[in-house]
Amino acid sequence: MNRYDKMVELNRLLSKEKERRAINALIEMKEEGWISVTELTRRTGLSRTYFYKNPEVRKKLDEALRECKNTGLSNHRAVLENGVLQAKLKLLEKEAEKLRAKNQSLEKENENLKLAMEQLEIEMLHLL
């Protein structure tokens with residue numbers, strides 16, 4: 001094997017390694033529920049154009065984006081907004097539970113006041 005063949009083989013191996021890194025990062029992000037080429041470049045150290053020009057990686061990227069759009073979580077902002085909404089929902093549920101307890105307490109108090117009022121009316125009638 002001459003030098004040229006060794007260089008070609010080394011370049012082929014490096015290309016496969018880059019492709020593997022890119023696809024693994026795509027799989028991770030898909031599992032997280034969002035895809036961002038900017039984040040992919042940060043995680044892999046590969047250029048933005050690599051994700052668009054490499055046919056195999058581009059195919060995987062397109063598939064992952066399609067799947068994320070189908071779930072409604074196509075970007076990081078949507079995931080964050082979903083988390084914020086979940087937190088707000090929990091707070092509102094706690095507040096609703098407190099209000100239910102307060103309402104129940106007020107209903108009991110109202111019932112007691114009605115009974116006391118009836119008692120006073122009966123006493124008033126006896127006095128007349």
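This briefing covers the nonpolar core, an aromatic pair and salt bridges. The model is predicted: local features need pLDDT of at least 70, side-chain atom pairs count only at pLDDT 80 or more, and totals for chains, interfaces and linings use all residues. Residues are numbered from 1 along each chain as its sequence is written, and side-chain values use heavy atoms, without hydrogens and water.

**Core**
- The largest nonpolar core has 16 residues (buried Ala, Val, Leu, Ile, Met, Phe, Trp, Tyr and Cys joined through side-chain atoms within 4.5 Å).
- Helices H1 (3-32), H2 (37-44), H3 (48-53) and H4 (55-71) each supply at least two of its residues (helices are DSSP runs of H or I, at least four residues, numbered from the N terminus).
- H1 gives the most, five residues.
- In H2, Val37, Glu39, Leu40, Thr41 and Thr44 are buried (under 20% relative accessible area; exposed is over 50%, partly exposed in between; 1.4 Å probe, protein chains only).

**Aromatic pair**
- The structure holds one aromatic pair (ring centres within 6.5 Å, using the six-membered ring for Trp; planes under 30 degrees apart are stacked, over 60 edge-to-face, the rest tilted).
- Tyrosine 50 and phenylalanine 51 form it edge-to-face, 6.0 Å centre to centre, with 90° between the planes.
- Both residues are buried.

**Salt bridges**
- The whole structure has ten salt bridges (a side-chain nitrogen of Lys or Arg within 4 Å of a carboxyl oxygen of Asp or Glu).
- Lysine 30 pairs with glutamate 67, with closest N and O atoms 3.4 Å apart.
- This pair links helix H1 to helix H4, 37 residues apart.
- Arginine 43 meets glutamate 32 at 2.9 Å, N to O.
- Salt bridges join Glu28, Glu32, Glu39, Arg42 and Arg43 in a network.
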